[in-house]
Amino acid sequence: MTRYSIFSLLRNAIGGQRGWPPAWRDAEPRAAYDVVIVGGGGHGLATAHYLAKVHGITNVAVLEKGWIGGGNVGRNTTIIRSNYLLDGNIPFYEWSMKLWEGLEQELNYNAMVSQRGVLNLYHSDAQRDAYARRGNAMRMHGVDAELIDREGVGRLAPFLNFDNARFPIQGGLLQPRGGTARHDAVAWGYARSASNRGVDIVQNCEVTGFVRSPGGRVTGVETTRGTIGAGKVGIAVAGNSSRVASLAGLRLPIESHVLQAFVSEALKPLLPGVITFGAGHFYVSQSDKGGLVFGGDIDGYASYAQRGNLPVLEDVCEGGMALMPMIGRARLLRSWGGIMDMSMDGSPIIDRSPVDALYLNAGWCYGGFKATPASGWCFAHLLATDQMHPVATAYRLDRFRSGHMIDEKGQGAQANLH
Amino acid sequence: MRLPCPFCGSRDIQEFVYRGDADRVRPGPDGDFHAYLYERDNVAGPVREHWYHAQGCRNWLVVTRDTVTHAIHHAAFARDVSR
């Protein structure tokens with residue numbers, strides 16, 4: 001392993017950049033592992049990293065049906081934040097934020113974590129009250145939150161449309177520590193760190209079934225590259241959780257939906273941070289390459305197609321034009337869709353499954369990216385100790401039966417409304 | 001995506017409200033409401049779904065749609081597809 005530093009950079013600058021070894025090993029699957037993680041996305045790789053680093057469990061395989069970085073970890077809008085309202089969520093996402101803050105030093109990898117701030121705008125008195133409440137809930141958990149007025153928003157983002165008669169900008173809730181990170185680099189950084197600690201990262205290896213003992217316990221997985229034994233199996237395949245869990249006979253409180261995202265042509269530095277429109281669903285940030293990265297609602301119907309339809313594109317662009325009309329002449333460069341595990345209360349699941357030795361990390365709705373470090377941390381904790389991590393105790397699979405839902409939006413069991 | 005409404009003909013998806021899986025059966029008073037309310041088959045492939053033509057004829061439809069390709073195979077009035 002080459003440690004990345006100013007010296008290795010200089011050495012390779014002189015050597016024509018030909019001295020860089022691959023960042024991680026493309027491993028062949030072995031016959032058995034202590035822990036097999038299904039899904040080589042951000043969450044699966046982070047789980048492998050923390051299993052090896054925090055818990056010393058290195059006999060681990062991460063099985064990925066495609067290639068590393070090719071799934072949802074490469075399809076999000078790269079926003080990181082911890083501005084949640086409910087007790088079940090805030091400590092978890094704040095732990096994630098703290099891990100983001102130390103991630104690059106920990107991984108020795110430039111994940112381009114940029115705490116440029118997340119600003120949620122409010123447009124009515126009622127919305128101001130709701131944001132004041134949210135900000136207070138955050139501060140009571142030690143999270144940074146500032147309620148700023150119209151003039152304060154004007155200083156941060158003078159280009160917004162303050163003359164919108166129907167949805168006047170009255171202010172916003174700012175989380176200065178929120179921001180963005182380079183999503184691909186997060187996957188690669190975790191993969192490199194896990195691989196260097198002995199974890200096997202196996203690509204093009206789709207899980208097609210579970211091997212069960214006579215007692216029902218999972219003892220391995222059947223894959224397109226043969227049968228692999230496992231002491232424990234963790235599923236981290238958000239988007240396809242229902243499909244993989246159904247191989248073990250489980251039926252989950254999840255619907256798969258498509259969420260679209262968009263990026264404009266590259267522009268000169270324009271946006272100070274992440275800005276969200278409170279009167280519609282539109283959020284936007286600017287990548288370091290200059291493209292405006294933005295999105296809005298899910299399409300609203302069950303889908304595994306990884307592409308959406310035009311009404312949502314129109315709706316998102318209308319939101320953008322209502323908020324910042326200056327982007328009207330920017331051309332759209334690309335759009336794409338990712339498949340979300342929409343859970344029935346809009347919150348995730350990190351828990352044991354009803355099947356022995358099978359563990360579940362699922363239901364991330366459209367907030368999985370920011371959760372990547374804490375999700376890996378808590379899932380590794382669960383796999384290693386069989387105990388739920390203290391910041392993730394609310395993410396139980398049986399909360400829908402017991403009535404302990406974590407419904408941030410208060411929408412009830414209608415997956416497409418969360 | 002356009003849905004072939006049996007009354008209005010082919011119409012844009014924007015006119016419709018999505019309700020989801022049409023094959024869930026409401027249980028009796030002592031039945032498993034947890035499974036009915038919260039659990040989903042979440043099939044990748046053809047599924048039967050309820051759609052409501054809110055900005056058209058206001059009929060409830062049962063649409064057979066492929067969740068992998070978005071192909072629409074069939075649409076009928078929900079009242080005619082009684083269980």
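Before I start: helices and strands here are DSSP runs, numbered from the N terminus. I'm also working on a predicted model, so I keep that in mind.

**Entry 1: the sheet.** I looked up how the strands of chain A line up. Eight strands make an open sheet with mixed pairing, in the order β5-β6-β4-β13-β14-β15-β12-β16. β5 (146-149) and β16 (332-343) of chain A are the edge strands; each has a single partner, so one side of each has no neighbour in the sheet. On average, neighbouring strands of this sheet are turned by 25 degrees against each other, direction ignored.

**Entry 2: one strand pair.** I zoomed in on β4 (residues 118-122) and β6 (residues 171-175) of chain A. They run antiparallel and are joined by 5 bridges. Which residue in β6(A) is the bridge partner of Asn120(A)? I found Leu173(A).

**Entry 3: helices on the strands.** Helix α4 (residues 125-140) of chain A lies across β4, β5 and β6 of chain A, at about 150 degrees to β4(A). Helix α8 (residues 310-323) of chain A lies across several strands, including β4, β12 (254-266) and β16 of chain A, and runs at about 135 degrees to β15(A).

**Entry 4: a histidine.** Then I picked His418(A), in the segment after α10 (399-402) of chain A. Is His418(A) buried or exposed? Its relative accessibility is 7%, and the cut-off for buried is under 20%, so I noted His418(A) as buried. Its side chain reaches the backbone oxygen of Gly412(A) at 2.8 Å, and a polar atom of that side chain lies 3.1 Å from the backbone oxygen of Met344(A). I also saw that His418(A) touches other residues, among them Tyr366(A), Asp407(A) and Lys409(A).

Note on methods: Residues numbered from 1 in each chain as written. Chains lettered and ligands numbered in written order. Predicted model: local features only at pLDDT ≥ 70, side-chain atom pairs only at ≥ 80, totals over all residues. Heavy atoms only, no water. Pairing = 2+ DSSP bridges. Helix = DSSP H or I, 4+ residues; strand = E, 2+ residues; numbered from the N terminus. Axes fitted to C-alpha atoms, helices over the stretch in contact; angles between N-to-C directions. Contact = heavy atoms within 4.5 Å. Buried < 20%, exposed > 50% of the residue type's maximum accessible area, 1.4 Å probe, protein only. Polar contact = N/O pair within 3.5 Å; in protein donor to acceptor, adjacent residues only side chain to side chain. Lists of a residue's contacts leave out its neighbours within four places in sequence.
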